[in-house]
Amino acid sequence: MPLSSPQYFPDVALIIEGGGTRNAYTAAMVDQLIAHDIHFGWVGGVSAGSSHTVNFLSGDRFRTKASFVDFAADRRHAGIRPFLRGKGYFHAEHMYEIAPGADQEFPFDFDTFSSDPTPFQISAVRADTGETVYWGRESATDLSQLMKRVRASSTMPGFMPIPMIDGAPYVDGAIGETGGLMLQPAVDAGFTRFLVLASRPREYLRAEFTRPKLVAAALRRYPAVARGVLARPALYNETKQRLLDLEKTGQAYLFFSEDMKINNTETNLAKLRATFEAGMQQTQRDWPAVMEFLRG
């Protein structure tokens with residue numbers, strides 16, 4: 001049951017950064033937003049942030065945590081075993097297209113998700129052209145179509161098999177034109193106030209690649225993906241600076257992880273649980289300030 005009556009903030013856009021299993025940290029904030037029955041005017045996420053986006057809109061606290069803790073640590077579907085079987089370091093087909101089924105261990109509540117009218121966007125990149133593609137409710141016609149797109153948005157090049165949607169290959173939206181931070185789509189949707197959940201610390205900036213030819217060689221089958229990977233540091237850093245500037249003017253609340261001790265491919269259950277708990281401790285400390293911002 002929600003901890004309070006519904007609270008609506010239609011002038012605020014919720015933006016959720018990706019980061020693989022680092023999102024066990026931000027899962028705590030998403031969990032509490034659900035627990036307090038908080039709603040926004042728009043929600044956008046990319047990569048692992050797309051999973052947070054749909055879990056948040058389905059009001060599912062169990063999936064919000066389990067997606068990045070217990071499920072992410074399941075060695076049948078994460079780690080070297082599935083990688084050696086050709087399924088990817090994270091067995092994405094199982095995680096996104098099988099496990100959310102109604103008769104599975106981690107079912108997704110598509111009915112509740114569909115009944116929430118909040119507009120949302122997730123993004124992915126066409127691996128053949130490099131085009132950034134955005135999907136919202138018009139593409140979420142059923143559970144299968146929704147989860148195919150969440151999987152596409154979350155497909156880390158080199159770590160996970162590239163999925164096909166309508167005959168086109170897609171990879172992680174974080175290498176697209178947003179740089180991994182969905183600020184511009186929220187601005188384009190008309191929003192001027194933003195709650196941003198970041199999986200990186202405040203001082204983090206993405207470093208430029210010192211050996212771009214190695215990146216190009218590793219991704220030679222998809223040169224557009226290589227170009228996106230190489231372009232991402234500048235795009236990410238530019239967008240992050242925009243967010244910091246919005247914070248200074250009071251238009252954004254930026255939730256940066258303060259105690260991140262794992263990388264984006266962590267599968268150790270104890271470490272993932274500790275990461276969620278660290279995120280919950282920060283969430284509880286920051287909660288009064290978050291609510292003060294939301295209430296304007």
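The largest nonpolar core has 49 residues, and L195 and L294 have the most contacts inside it. A nonpolar core here is a set of buried Ala, Val, Leu, Ile, Met, Phe, Trp, Tyr and Cys residues joined through side-chain atoms within 4.5 Å. Buried means under 20% relative accessible area, exposed means over 50%, and partly exposed lies in between (1.4 Å probe, protein chains only). Helix α11 (residues 269-294) gives the most to this core, namely six residues. Helices (H or I, at least four residues) and strands (E, at least two) are DSSP runs numbered from the N terminus. This is a predicted model, in which local features need pLDDT of at least 70 and side-chain atom pairs count only at pLDDT 80 or more, while totals for chains, interfaces and linings use all residues. Residues are numbered from 1 along each chain as its sequence is written, and side-chain values use heavy atoms, with hydrogens and water left out.

Leaving aside neighbours within four places in sequence, L195 is in contact (heavy atoms within 4.5 Å) with V12, A13, L14, I15, L33, F40, Y253, V290, F293 and L294. Apart from this core lies another, of 20 residues, including M182, F194, A198 and Y204.

Strand β7 carries L195 on one side, together with R193 and L197, while F194, V196 and A198 point the other way. In a regular strand the side chains alternate between the two faces of the sheet. Six of the six residues of β7 are buried, so the strand is largely enclosed by the rest of the structure. Strand β7 is paired with β1 (residues 7-16) in the parallel sense over five bridges, where pairing requires that DSSP finds at least two bridges between two strands. Within this pairing, V12 has R193 of β7 as its bridge partner.

The charged side chains come next. The structure holds eight salt bridges, each a side-chain nitrogen of Lys or Arg within 4 Å of a carboxyl oxygen of Asp or Glu. One of them joins D31 and R61, at 2.8 Å from N to O. This pair links distant parts of the chain, with D31 in helix α1 and R61 in helix α3 (residues 61-66), 30 residues apart. D31 is buried at 5% relative accessible area, whereas R61 is partly exposed at 36%.

Another salt bridge, also 2.8 Å from N to O, is formed by R202 and E247. R202 lies in the loop between β7 (193-198) and α9 (212-218) and E247 in helix α10 (residues 223-248), so the pair ties together parts that are 45 residues apart in sequence. R202 has a relative accessible area of 39% and E247 one of 25%. D259 and K261 form a further salt bridge, with their closest N and O atoms 2.4 Å apart; D259 is partly exposed at 33%, and K261 is exposed at 66%.
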